[in-house]
Amino acid sequence: MGTYLPVDQIISMAAKLFQVRTLSDRLVEVVRDMILSGAIEPGLPIRQDSLAKDLNVSKIPLREALVRLEQDGLVISHPNRGFFVRAMSVAEAEEIYDLRLKLEPDAAAEACLAATDEEREFATRTLAQLDAAAASGASAVGALNRAFHMALTQPGHRIVTMEITARLHVMADRYVRKHLEYKGRHLTAEAEHHDILQAWMERDPRRVRRLVSEHLEHILRDLREEFSQADASPVPAQTPLREKRSAT
């Protein structure tokens, strides 16, 4: 006959496992926010000893968090050199938004037909929170922007599409912040978001598809201009940047 552990011991073990998992998850969120806010600069090595000390954690869970962030495309590791924050570039922005344009317009169009009342209420509430954060310059803008866009696609229950889109949104966060650095940009984005939500609430998939495409293309055009002005693109000047055609 097997030997069974006391219930209180099982609960204690489960609690410890939960705490470890929670620590790992929280570290991913904390370090991700540090990267997205620019507190950890692109191209410089991430000093794990110093960062672990600052965060009051050991290097093991911190390294696990960095590995997960590498899977999200925010950091890159080099043998014998450690982890680095990925540098931003117009080439990466092109690729991220090209993939978003292939996925999000259709996903949002399908989702608007499947959304429940609760999901429609959540999308509306999230946009209101995003507007408030953008107006006040709060640091939560990136997370709320992701939450709003994901709320528009989640009701379609396309699991693989959702997973890929969620990762693209994390990678796009720094570019969204860069885009919103210019005065008044958040007002344009706010207007476009409200037009998209209205079409989505009216269950008009054709209009949703068009408006989402135009919104993403608008951001990409602005990013091209910003990188060009800053002369920060690693792409050779003679390499043309491909214009995209709006979905219909």
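This report looks at the overall fold of a predicted model and then at one aromatic pair within it.

## Overall fold

Let's start with the whole chain. Its secondary structure consists of nine helices and two strands, and along the sequence these elements run in the order α-α-α-β-β-α-α-α-α-α-α.

Of the 248 residues in the protein chain, 40% are buried. Counting contacts between residues at least 6 apart in sequence, 73% link residues at least 24 apart.

## The aromatic pair

The structure contains one aromatic pair. Its partners are Tyr175 and Phe227, with ring centres 6.3 Å apart and ring planes at 45°, so the arrangement counts as tilted. Tyr175 belongs to helix H7 (residues 159–180) and Phe227 to helix H9 (residues 205–230), so the pair ties together parts 52 residues apart in sequence.

Tyr175 and Phe227 are both buried. Phe227 has a further neighbour to look at: the charged end of Lys178 sits over its ring, 5.0 Å from the ring centre.

## How H7 meets H9

Now for the two helices that carry the pair. The axes of H7 and H9 come within 10 Å and cross at roughly 75°, which means that H7 is roughly perpendicular to H9.

On the H7 side, the contact is made by Tyr175, Lys178 and His179, while H9 contributes Ile219, Asp222, Leu223, Glu226 and Phe227. Sorted by class, the residues in this contact are four nonpolar, one polar and three charged.

Notes
Residues numbered from 1 in each chain as written. Predicted model: local features only at pLDDT ≥ 70, side-chain atom pairs only at ≥ 80, totals over all residues. Heavy atoms only, no water. Phe/Tyr/Trp six-rings, centres within 6.5 Å; stacked < 30°, edge-to-face > 60°. Helix = DSSP H or I, 4+ residues; strand = E, 2+ residues; numbered from the N terminus. Buried < 20%, exposed > 50% of the residue type's maximum accessible area, 1.4 Å probe, protein only. Lys NZ or Arg CZ within 6 Å of the ring centre and 35° of its normal. Axes fitted to C-alpha atoms, helices over the stretch in contact; angles between N-to-C directions. Parallel < 35°, antiparallel > 145°, perpendicular 65-115°, else oblique. Contact = heavy atoms within 4.5 Å. Nonpolar A, V, L, I, M, F, W, Y, C, P; charged D, E, K, R; others polar.
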